[in-house]
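Please read the following points alongside the sequence and the coordinates.

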Amino acid sequence: MKEKTEKKWYQRMPSTYVILFCIVLIAAVLTWVLPAGEFDRVAMEGVSRPAVVPGSYHLVEKNSAGLFDIFKAIPQGFSASANIIAIIMLSTGAFTVINKTGTLESGVGALLRRVNRSKIPGTAVIWIVSFLFSALGLIAGPEIQIPFTVIGVSIALGLGYDLIVGLAMVMGAGYLGWGMGPINASIIGTAHSIAGLPTFSGVGFRMGLWFVTTCIVAAFISAYAARIKKDPEKSLVKGISTEGLGLSHDLDTYKVGGRQWAVLLVLVAIFAAIVYGAVELGWYLDEMSAIFLIGGLVAGLVYGLKLQEVIDGFVEGARNTAQLGLIIAIARAIQIVLENGKIMDTIVQALSAPLSNFAPGIAACGVAVITAIIHFFIPSGSALAVTVMPLYSPLADVLGITQQSMVLAMQIGGTLFNVMMPTVGACLAMCGLARVPFEKWVRFVWKLVLIVFVISLAAILLAVQIGYGPF
């Protein structure tokens, strides 16, 4: 009889559903404990959301969450997250249709066959793919990278690595590339507008931080990949099925032929249309979802699938991602409970007020920490910027910190932790598509986030020291 071994703490972690619902309950309790309050808000030219008026925080009548309000927040979370859920279901449906043609597996297999024959080490592939998605994050938000998670996972599995390596190359590099990027529209663009700075000014300093961050990410992933390649038992996701994600044949058998080339062209067109639309036309999730819907239909039809087979592919993809929709809705319910309970601004006020008591460098680092905490409750980057930047901008003048340094501190706090934050829908979605339990992903990524955060704090101190600006 085998002896029972005691599970470690991370092996006893409850499911993502339980964790998120517990946070919803905590948010509801806070609506009874914390005083209700609000800032006054005014419309600002060039900013789509109303901005907070500094010093305007005032108490309002309590609106504490009852038991029914807790459960009602979940369907409200579905409504508020409808566009994210839509792109997950439709993009997965499109990839399911493409998978029916065998094109995706053939394309990845043929690519890896060439890599194998050219003797390019797997570490080099990790660096190339990581920099690719990090660079994509420079021009577009991580939401557009959600559907390409399966490609990253397929590449990782084909190289003999695990699901986490594939997820890390796409989400880890993509999210941190977007977060540390010099032209992040939702965070930097909004903050610059509020602070009165030229849009995307100070790009050189942030570009250097982005490059250093991406190198750290690629090196961290490579170290983990080498470790599990040497000993697969050290994989954090051992035992999780990879059926349908990896390659099903020997590498030497893969080639792209016939109508698969047309399907590949459709896939490239989908990717190009999304990037162009996001950068040049201001597209967001609804438009991107439409592109995946069109692309999936066209891909199936040019390959010769019957219309019903194409529809069945979309239905299958939607069915397989239904659980992600529930996870995202529960995560959004946290924010809804706090906002309906009128304590969101109370939390912001309590966290930001003490910053004026510290020296400039310490206060700037404190801004990053406080912003990260507030961001847990306000997942939207643009909403976060219009909430906190009107408070930080005058604080920068009081402390003698340049506005550019304050924006940098806010950017770091408002983006770095996205990659492991359960209230960020895209993070949960990409974990789901890669079949990596959220708690396993956090166990992998927290050290990476800590390393990057320490380096980012050093960058903030340097920015304050050199008067990063010029104003």
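1. Trp127 and Phe131 both belong to helix α5 (residues 122-139), where they sit 4 residues apart, about one turn of the helix. Helices here are DSSP runs of H or I with at least four residues, strands are runs of E with at least two, and both are numbered from the N terminus. An α-helix has 3.6 residues a turn, so residues three or four places apart point the same way.

2. On the basis of the numbering and the model: residues are counted from 1 along each chain as its sequence is written. This is a predicted model, in which local features need pLDDT of at least 70 and side-chain atom pairs count only at pLDDT 80 or more, while totals for chains, interfaces and linings use all residues, and side-chain values use heavy atoms, with hydrogens and water left out.

3. The structure holds 13 aromatic pairs, where rings of Phe, Tyr and Trp (its six-membered ring) pair if their centres lie within 6.5 Å, and planes under 30 degrees apart count as stacked, over 60 as edge-to-face and the rest as tilted. For Phe95 and Phe292 the ring centres are 6.3 Å apart and the planes stand at 45 degrees, so this pair is tilted. Because Phe95 lies in helix α3 (residues 82-100) and Phe292 in helix α11, the pair ties together parts that are 197 residues apart in sequence. Phe95 is buried, with a relative accessible area of 5%, and Phe292 is buried at 1%; buried means under 20% relative accessible area, exposed over 50%, and partly exposed in between, for a 1.4 Å probe and protein chains only.

4. Trp127 and Phe131, by contrast, form a stacked pair, with 6.3 Å centre to centre and 20 degrees between the planes. Trp127 counts as partly exposed at 29% relative accessibility, and Trp127, Phe131, Trp210 and Phe211 form one aromatic cluster.

5. Helix α11 (residues 285-303) also contains Ser289, which is buried with a relative accessible area of 5%. Leaving aside residues up to four places away in sequence, Ser289 touches Asn83, Ala86, Ile87 and Leu90, contact meaning heavy atoms within 4.5 Å.

6. Helix α15 (residues 360-377) has 18 residues and reaches 26 Å from its first C-alpha to its last, close to the 26 Å expected at 1.5 Å a residue, the expected span being 1.5 Å times one less than the number of residues. Since 13 of the 18 residues of α15 are buried, this helix is largely enclosed by the rest of the structure.

7. Glu280, found in helix α10 (residues 260-280), counts as exposed at 53% relative accessibility.
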